[in-house]
Amino acid sequence: MNHILYGFIPLAFIFLIAGLISLSKKKNRPVSAPRTNTAASITETIILFSAGCIALICISCFNNGILLKLRELRPAFAMTHIIITAIAAAFLLSAALLSWFGRTAMAVILMTIIFFSYNAAIDKAPFEGPGYIMARIAPKDSWVPVVNYTFEINNGLQGVEVWINGVFLGTTPFKMTGDEFNKKVLFLTEPPEGFAKAPEGVPQENWKQPEGNWFKVQIVGIEKEENISRQGISYLSKFKDYYAKIKYAGEWGINCIGTSGGGGDFYQYDYEVSLNGHFSVTDKIEQENRERFNKLLQKARLADYKVDKEWLATLDTYGERGWRDVQKIAENEKELSEILDRWVKWKYGISDDMTQKQAGKDLDDICHQVDIKRDYSKDSFEGRAIELVYDKLDVEYIVKKYEKILKSRNQRSLASAMVLYQVIELWDKKLNDEEADKTNIIEKKITPELIKLEDFRKAAVLGGPEIEKYLLRQYQREKRIEGVELGYRNYEYTMGMFINKWLYHLAFMKSPVAQEFQEKNRQEIMKLAELIINNNFNRERNPPEFLFYDLNLGEKSMAYEYWASYSEHVESSFPSFWWEILKKRWDYLNRLGSLATEEMYVHCWKITKRDAPLMGGYLQQALIVLPPDKRKPVTNVIVKELLGIANKKRQEIGLDINAVHYFQEDEPVDMAREFLVKSGDEESFQWLFFKYGRNQKNYLKGRLEQNVMDKSTPEHSLIQILAKNEDSELRKLSLEAIRKLSTAANRKILEKLLNDSDEQVRSAAKQVAAELEEIKNTPVSELVSEPKGN
Amino acid sequence: MKIKMSLLKIMFRETLPVTLITLLIACPYALFTREVLNWQNPWIAIFILAHSIAIAALSGRYRSRSFAFVYTRGFTRDELWFHKMLSTALSILAVWLPVSLIVWLPVRSLIQDKLFISPYFPLMMIREASVPWVWLGGYAILLPLFHYVWIRRAQPLRGENGVVFLAVGVVIVIATLMTFRWHAQWFRILIYCLSTVMIITCLVAGRILHRTLEVQ
């Protein structure tokens, strides 16, 4: 299209001349005839000036021109641009004057020459080289892009002194230009004194453990580079190694790291240098905050998750970090999810009886906040707020609002556009659930707009007859599955491949029409899945979601039929460790649901080549993937096989297979058993207890302690097993877990242990009960998060 | 000013061949072109340019006999200018309106949807609806300018070729603007304002100069 468009200019020129020639027959005016009269002078001057103004603005502001970006330039370079533009404008005025005096032809020629010269002069101004006129006009190096650095500490800590290559630069947060930075900080090819040298045989660049307080940070900057193809010099972003130190409250930071990033255009680059480290002052505050946070959660557990507004306000002081932490714990403690919802509802005043106006205000607030943050995700606090408030909003109002955003070029890129899209998506789902066979307002109004914007991914998610018809018709036109010859209109460049865009989106769509298409074009969809999975850009071999859409077909489903191929492809996946490969195979089987049998899971174990040493920890990592109903039978088969291997080795070296002693080959067996114990399998616990309980109690205790102490929320099933055990040491261990996770179920165990037959257990239980009582009585005002620094 | 139907007919007849030919080109194109119409379509831009040149060329044959005949029948210059502009408007409407109706009524959309099984229709019908107004805008800029060109050339003044260069320059500027996919809001407003100034200037100056044009 563009080449036609560009060809249009000369073609139009030819047409115009041809037309005008047909108008004219050569006729010489007498020399005495006047050149112009008032009307002609005014008209031609106005036309020439108007057209000239448009051309001048076009060249100076939109094409190569940077008149609207003067603030980004160095003053000398900006001034050069202003002067050149002023000269061009002066010539435009001269041309207008010529036209006024009846020399319109000359005026047009003059103007054309000026504009061509002006365009050539400012063409790709940031480059040096023989072809770039600006480099000869502007003061030397004034065209070098401006670099701005912002130095900050990751967690927003203020007042941290930053030293780079031994030079003090300032206290965070601070900004400086690239010129200032380069002037102050000398680049060192060798690490400064005090920075540890790599041990012999280890390349210095790979050595990441400096002595003292030094740390290496890669700071991005710009560098001149010869651009052979353009016969000039370009400026490219490049990372360089610097050696940094940070100091806070008179103390050097330890275990520090630093990163930098950012970007810009030809003229200005804005980079952020983020540094992070540990200071005893802040670490202490961090530790205290962590304790307060845990106590706050314990208070909620002790109150059976019935928390008041004051408690929520206290949790709110932990901000985003608190949100993320509670979210993580809630993965194993569902009651906390409800607390998260209560937090969100409290913060935004969301209630069942709230009005549309109030909901609209909440939405506006959220949009405003995310626009300031320039970031939004569905998992965030705001994301959950949207999920809770969306159905209180008027769908027609939201549709209109989002339509407006889609039609506005500026608003589409804002973070609030993502918020509104989420509202739209949630409403679409709700409307589809209510009336699946009816085309809803979103599918009628939003989907067409998204198609017009060629945002087929979003359009396909919302669905509706428009997108179905559109994709089906496009696919009718172009059925080739892949290849660059599909052309940019028809291909989706994904994972290094040019895939048929229409097939790709149709494969991912979920609707009766799409389902029918997927059934009819099963072979093509399978081929697409094969292309996506067996692809060097998808080294994890993640299977596409659409492969699992027709599981209702049972053994005739695509995923079931593809299983053998997938299992084969996964052998060459990354990471290539055996436990990762096993996890991927089991993951795939998990997605097959009831179609995956126990034998299939066991088969995966058998065919996975365990070429690396069989470490129990890795085995546990893989076993976690197993679905609850398959854990015990599959693990038992694995245990049996591993036991066989261990016993065989015992026999080989002449050991008694029934003797209890530490034997290295037993480690994966024990870990597999331990995995079952954590899942609440008493039989496995008895097995372990029988094996280690008598002679090697400390070893067993150590292993169990790891499961209790290292976890913020130890499994209730494990606590139960420990509390019931005949060994008082293990019963005491269960108390440690209860101290951390004082749920109602665990408190019941505590009550029993308060009356334990063993004095030591009773005493420990009393202590735990007293601690819990203390937490219960602690006012929430004492559990507020304290800011880390000033 | 009263509209004189006989004069209007004569003037309209001058451009009739062009009107018929362009109608025969434009209607099938509007019906059958599979691309979604937009304001940047280069073929339509060339068509409007050629159509405008043809209308101006046929209306402004000031050295022809027929021209001299009409101009010596006792009509005032202003009456003649007014009827020329009116006939020009009618010639444009005769082509623009049927094509626009094809776009606006679901004729094009139906043909594209049912006959060509186009994925774009009826989806893009709404988007195409604004395009005929851009075409009309193109005519509105070019025709007053081209009429001004022949009127200026028919004056007993020197420098008659300058105005041709000027018209070429304006067309090149318009073509350049078309190569940009998007214009900033403030720049669009500026273009609308300057275009309006140019149109009004060309019409007013054309009317004034028309009073003094030489008829041979």
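**Reading the model, step by step**

Reply: Start with the core. The largest nonpolar core has 127 residues, and A:Ile424, A:Leu506 and A:Ala672 have the most contacts inside it. Bear in mind that this is a predicted model.

Me: What is the general idea behind looking for a core?

Reply: In soluble globular proteins, nonpolar side chains tend to be buried together. Now pick one residue here. Setting aside neighbours within four places in sequence, A:Leu506 is in contact with A:Leu471, A:Tyr475, A:Ala514 and A:Phe517.

Me: Next, the chains. How many residues of chain A are in contact with chain B?

Reply: 54 residues of chain A are in contact with 56 residues of chain B. Helices 1 (2-23), 2 (38-62), 4 (104-122), 15 (441-452) and 17 (465-477) of chain A each give two or more residues to the side that touches chain B. Helix 2 of chain A gives the most, with 16 residues.

Me: Which classes of residue make up that side of chain A?

Reply: There are 33 nonpolar, twelve polar and nine charged residues on the side of chain A that touches chain B. You will also meet another way to describe contact between parts. The size of an interface is often given as the accessible area lost when the parts come together.

Me: Let us turn to sheets. In what order do the strands of the four-stranded sheet lie?

Reply: The order is 4-1-9-8 in chain A. The sheet is open and its pairing is mixed. Its edge strands are strand 4 (174-177) and strand 8 (254-264) of chain A, each pairing on one side only. On average, neighbouring strands of this sheet are turned by 20° against each other, direction ignored.

Me: How do I read one pair inside it?

Reply: Look at direction and bridges. Strand 8 and strand 9 (residues 268-278) of chain A pair in the antiparallel sense, over nine bridges. A:Gly264 stands opposite A:Tyr269 in strand 9 of chain A.

Me: What joins strand 10 to strand 11 of chain A?

Reply: Four bridges join strand 10 (residues 491-494) to strand 11 (residues 497-500) of chain A, and the two run antiparallel. A:Thr494 has A:Met497 in strand 11 as its bridge partner. The two strands form a hairpin with two residues between them. In the turn, A:Met495 has a positive phi of about 50°.

Me: What should I expect of phi and of peptide bonds?

Reply: Most residues other than glycine have a negative phi, and most peptide bonds are trans. So look out for the exceptions. A:Asp141 has a positive phi, near 65°. This residue is in the loop between helix 5 (134-137) and strand 1 (146-153) of chain A. A:Asn255, in strand 8 of chain A, has a positive phi of about 50°.

Me: Why does A:Asn255 count as exposed?

Reply: A:Asn255 has 10, so it counts as exposed. A:Asp141 has 12, so it is exposed as well. A:Asp241 has 15 and is therefore partly exposed. A:Asp241 lies in strand 6 (residues 232-248) of chain A.

Me: And where are the cis peptide bonds?

Reply: One joins A:Phe574 and A:Pro575, with omega about -5°. A:Pro575 is in the loop between helix 21 (558-569) and helix 22 (578-592) of chain A. Another runs from B:Phe121 to B:Pro122, with omega near 5°. B:Pro122 lies in the loop between helix 6 (107-115) and helix 7 (125-128) of chain B.

Me: Last one. How do I check the length of a helix?

Reply: Helix 9 (residues 162-179) of chain B has 18 residues, so at 1.5 Å a residue it should span 26 Å. Its end C-alpha atoms are 26 Å apart, which agrees. Buried residues in this helix include B:Val163, B:Leu166 and B:Ile172.

Methods:
Residues are numbered from 1 along each chain as its sequence is written. Chains are lettered from A and ligands numbered from 1 in the order in which they are written. This is a predicted model: local features need pLDDT of at least 70, side-chain atom pairs count only at pLDDT 80 or more; totals for chains, interfaces and linings use all residues. A nonpolar core is a set of buried Ala, Val, Leu, Ile, Met, Phe, Trp, Tyr and Cys residues joined through C-beta atoms within 7 Å. A residue is buried if 20 or more other C-beta atoms lie within 10 Å of its own, exposed if 12 or fewer, and partly exposed in between; C-beta atoms are placed from the backbone. Two residues are in contact if their C-beta atoms, placed from the backbone, lie within 7 Å. Two strands pair if DSSP finds at least two bridges between them. Ala, Val, Leu, Ile, Met, Phe, Trp, Tyr, Cys and Pro count as nonpolar, Asp, Glu, Lys and Arg as charged, and the others, Gly among them, as polar. Axes are lines fitted to C-alpha atoms, for helices over the stretch in contact, and angles run from 0 to 180 degrees between N-to-C directions. The expected span of a helix is 1.5 Å times one less than its number of residues.
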